[in-house]
Every structure is written in structure tokens, then in C-alpha cells.
Amino acid sequence: MSEARIKRSILARLIPGLTFLVSKGASGLIVILGIVIVFTLVTMTAIAPWVSPYNPRERVGPIRKPPSSEFPMGTNHLGQDMMSRVLCGGSIMLQVSALSVLVCFLIGVPIGFFSSYVGGTFDRACSLVIDAIYAFPGLVIAIAISAMLGPGVVNMALSIAVVYIPSYFRIVRSQVLSIKELAYVEAARAAGAKWHTILFRYIFPNVIPSIVVVATINFADAVLTAAGLTFIGLGVTKDIPDWGWDLTDGRRLILSGAWWVITFPGFMIILLALGFTFIGEGLSELLNPKLQR
Amino acid sequence: MGLRAYIITRILLTIPTLLLLLTMVFIIMRVLPGDPVDLHFEKKATPEQMEEMRRLLGLDKPLWGQYIDYLGGLVNTGYFLEHGYPNLGKSMQTFEEVGGQIFSAFPATLELAIYSMIIASVMGILLGVVSSKSYNSILDHLIRGFGIVTYAVPVFFLGIILQLIFGVYLRWLPTGLRINPVVEPPASITGLYTVDSLLEGNLFKFFESLKALILPSLTLGIILSGMFVRLTRTNMLETLRLDFVTAARARGLKESTVTYGYALRNAFLPILTMMGLQFAMLLGGAILTETTFSWPGLGRYLVDRINFRDYTAIQGAVVVFGLFVTLVSLVVDILYAYFDPRIRL
């Protein structure tokens, strides 16, 4: 396919989606706002190495300099330019959260599916284990696993993933349990459809919307958990600019009143988490008409 | 089922949950890749030193032997009666009893948790009620926005910002520790400084410890209040449209009586369940809040031990967090059954 045709086909899919969201009023606009925030931050992180004014890892000015025209977000205690660090600092957080969402999805969804479809003892055993994880304080599990596995993007993502697998399992399970009793599924079964046809062609498409909502909320949680793990010293490395790390490191400077060192990275984390929360909130309102009044 | 029978069944049902939880912690700490002793020494010890450490901590036994030691230590009533805390093994760093260290750190976390929960629920429920009463107004949107934003703010960031404003710039409140270091802490009776100082009859100490509590519990309370705002709002909107509320209004009762005495009372049960579920989140938040405010509780202990790579202590702290959450959910379920007899059916 030529490039122009790919562009056209992408647009052809995007535009109806966009008009659909706009037509849905406030919830649709919230989703759009969330998508814009996330898209902007991802793009910013991707192009940051080329556009950031200074090298974020090098000393480029005086230490702890308040924001000025030369350093719009000031400098930290190592004399590094905060603006360059803020521009580049999303990469680890985005990688960790994306990877953890992927792992959660790949493990939680299939288990939820088969557990609820098969039923019986297998289902009960799965639910018991999952509920035990669910009841546990999420951050504590993430800390324990992270402490055992050691630092690194993949390890951090795995330890966060374990915490959120139960959310996927539970939503998929409850949906499948109600959908599989519906008349159209029964009709398919009566017509002699095979079990995998029923599962993948009849039930799965109806579960996708709920999974998408859980995934976006999971994204926001993963961002915050990653920041939390970094804050208590289980972060990836000190070498790569990271909002979580800047916040952790800058905390020691607040007694000197250096607000700029923590404020900007902190707001970036909030913005990223807020973007995903907006998408999740808006979608869940769109998909659950019962909540709308 | 009577209330007593329900309570007994519920307690019995806790046993398999606990066993599962303890096994999960064991799997994470001992079976997953990463050997505690290797990690502790970071490859800076001789094989003899490492063997010695394994032998001292019982880590030289096969896994099932360690598992039995671990569960056996927890249910060893003799040890419990002698020390007043369960046997959680010895610290890799100091070789002191982990149970004792945790026992002395626990009240700080409990005090922080109680005050945060009070702030979160009072603030959340009030805002939720106001929001539902002014449905679809600007105030309603603002409160809903607040609910969403609290969800996206890292708890430690809020803590640092509050420290910066009230501790560094305004100098109104201390930025850390449970009590001003020049003041001697009250004699330990419950371990909760605000309660102990009142028992001692020392109002000065009471206000000092309350002052230290304000910022940490406000931080955690604000972050948790968002959930209460949302839940109260949804439940109130549903309840306010029910017939009995209209009937109460028709009888000429004051609007505030209708709202708080009738509607909120009925919307309260789901909120109570939420409090139980929120407790797990609260403890997670407490770890970060304690680290921000140098609050000497269980979370701070856990983070300190992580920095020392003290894996037996980490395991002990994780177990206690789990036990705490299980206990709270047990209490919440029993309270729920007490308030709503339908649940016992």
C-alpha cells in the first residue's frame, strides 16, 4: 500500500471515531482531552533528544538556579537543566507502564476467559488466588517483587503487572459469566457452534470495551506505581533522566526552597496519569449508559 | 443465620485466605529468582560468610523446610505469649527479632492510618453530598474534577508540596517526625502519641503530636478522599430519587434532615465497604507518606530495610501488611453484617 493510501485509510477510521466522541457530549470530550494529553506527552518524549535545549545528563549551568530566560525551569543541585530533564524524563515511565499493561493484558485476559468459561473447580481456584492478590496492598506486592528481582525496566514492569492482573481477571470473568447466559450465545450453541467459535466470535468482542477501560485505568496506576517505586529507591537507574527520579532527588532540596526542582517533574507525572484517567473515565461513562443521567 | 454464626463462619473463611496470602509472600521472597543472601551481600562476601548467614537464618534447609519454619513461626503461640509479637525471624542486618522491630513501628502507622481515614471519609462524604445536592452545577463539576485529580496525583508529590508551603515557606507545621525532637514522647501505653499524651494528661504533648500529624494525614487523606467523593455522589444521587426521600420531604422535614438523616444513612453501607477496600490502598499510600515525612512507621521500616537489603525484615513487614489488611476486611464484613441483616442470609 502506498503511503498516501495508508494515511487515507487511517484518517478514514479516525474521523468517524472522532465525530462519534464529539457527538457524545462531555464524556466524549473528556476522552478526547485524555487522548490529546497522552499523545502530546508521548510525542514530546519521542522527539525530546532532538529538541531539548541542553544535554539533560550534563552540568550546563550554576547549581540550583531559579527559572530564568536561560534555564526556563531552573537547574538542579548538579547544575543540570531542568527543562531538558523534564522533556526527556518520560521515557522510562512510559516504557514501564506500557510493558506492564501489555503483560497484564496477556496474562489476565486469557486466564479470566478460560476460568469463567470452564467454570467448576478450576474457576474457583483461580478466583481464590486472584482475590488474595487483589486484597493485598498493591504497592507492597510491587515493592516485594521489585526488591527481589532487582532494578530494570522489565523487572519494574513485571512487579507492577502482578498487582493489576486481578483487575483484568475480575472484569473479564464477570462479563463472560453474564454474557454466556445471554440468548444469542445459547442460540449459537444450539446451532452447533464450536466452543472456540462461541468464545472468540460471540463473547470476546463484547468484553473488549470493558478491557479497554481497565487498561487505561491500569496505565494511570502503573505510572503512579512506577513513580512510587522510584521514590523509595527501587527505580531503574540514576543515569537516565526520569520524572520520578527527579522528584525523589529534588525532595532533599526543598528545605532550601528550590520549588522548581520538584514542581515540574511532579506536574508531568500528574499530567500523564491524568491523561489516562480521563480516557478511562470518559470511556467507562460512554460504555455504561446506566451511569448517565 | 444469626450474627454470631455469621461471625464464626467469616472468621473460619479467613484461614484459607491467610494461608494463601502467606504462601504468596513466601513464593515472592524465596521461590522467585533472587536469593536473599546473595542479594544481601551483593557478591561482596566469601562463600563461608554466606553459608554462615544461611545457617543462622535457616535458609540452608530445603524450600519445604523453610516454608514449615516460616508458617510454624507465625503460629507459635509460646513465642507469641513470651514476646507479645509473632515470630517473624531475625533481621539479616542486626540479627534482632523482626517481630519486635515491627511491633514498635506499628503504632505510628496505625495512628497515621486512623487520622488519614477520618480526614478522607469526612472530607469525601461531605463533598460527595454537596456534589449530589447541586447535581450538574459548576460546584458539582468542580468537586468531580477534584475527585479525578486526586486519583492522578502521586501521594508523595502532594506531601512534598505541602511540606514546601506549610513547613518551609510559612513555617506553621513541622515537615517530619511524630513529635518535635526536643519534646520527650509520651509514655507508651497504646503507642498512639495523641492518645498517650491525653492519658498522661499532658495537653502540650498532645498538641505537639497533633501538629506533626496534620501534614502527613492531610496528604494521605486528600489522596484517598477522591474515592469517597465519587462513591458518595453516585450513591446519594440514586438514593435521593427514591420514594422514601420524597415522602420524607412531603412530610415537611427540613432538607438537611432529609439529606443527612435519611438519604446519607441509606447510602452509607456501600461507603463502609469502600472504607474496608480503601484500607489496602491507604497502607500503600502510607509507605510513601511515611517516607516523605520521615514518619517512623511500618512503611518507613520497610523502605529502610530495602536500602539495607535486609530480606528477612522485608518479608516480615510484607507479612504484617497482609495480616493487617485481612484483619480490617474481617472487621468491616462483620460491621456490615451488623448494620445490614440481609447480608447474613
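The model is predicted, so local features need pLDDT of at least 70 and side-chain atom pairs count only at pLDDT 80 or more, while totals for chains, interfaces and linings use all residues. Residues are numbered from 1 along each chain as its sequence is written, and chains are lettered from A and ligands numbered from 1 in the order in which they are written.

**Chain A overall**

Chain A has 11 helices and 0 strands; helices (H or I, at least four residues) and strands (E, at least two) are DSSP runs, numbered from the N terminus. Its C-alpha atoms fill a box of roughly 75 × 50 × 45 Å along the principal axes. Of the 293 residues in chain A, 45% are buried, meaning 20 or more other C-beta atoms, placed from the backbone, lie within 10 Å of the residue's own.

**A bent helix**

In chain A, α7 bends by about 40 degrees at A:V163, with the proline A:P166 following within four residues. That bend is the angle between axes fitted to the seven residues ending there and the seven starting there.

The contact (C-beta atoms, placed from the backbone, within 7 Å) takes 40 residues from chain A and 38 residues from chain B. These helices of chain A each supply at least two residues to the side touching chain B:

| Helix of chain A | Residues |
|---|---|
| α5 | 120-135 |
| α6 | 138-149 |
| α9 | 195-234 |
| α11 | 259-287 |

By class, that side of chain A has 30 nonpolar, 7 polar and 3 charged residues. Here Ala, Val, Leu, Ile, Met, Phe, Trp, Tyr, Cys and Pro count as nonpolar, Asp, Glu, Lys and Arg as charged, and the others, Gly among them, as polar.

Methods. Two residues are in contact if their C-beta atoms, placed from the backbone, lie within 7 Å. A residue is buried if 20 or more other C-beta atoms lie within 10 Å of its own, exposed if 12 or fewer, and partly exposed in between; C-beta atoms are placed from the backbone.
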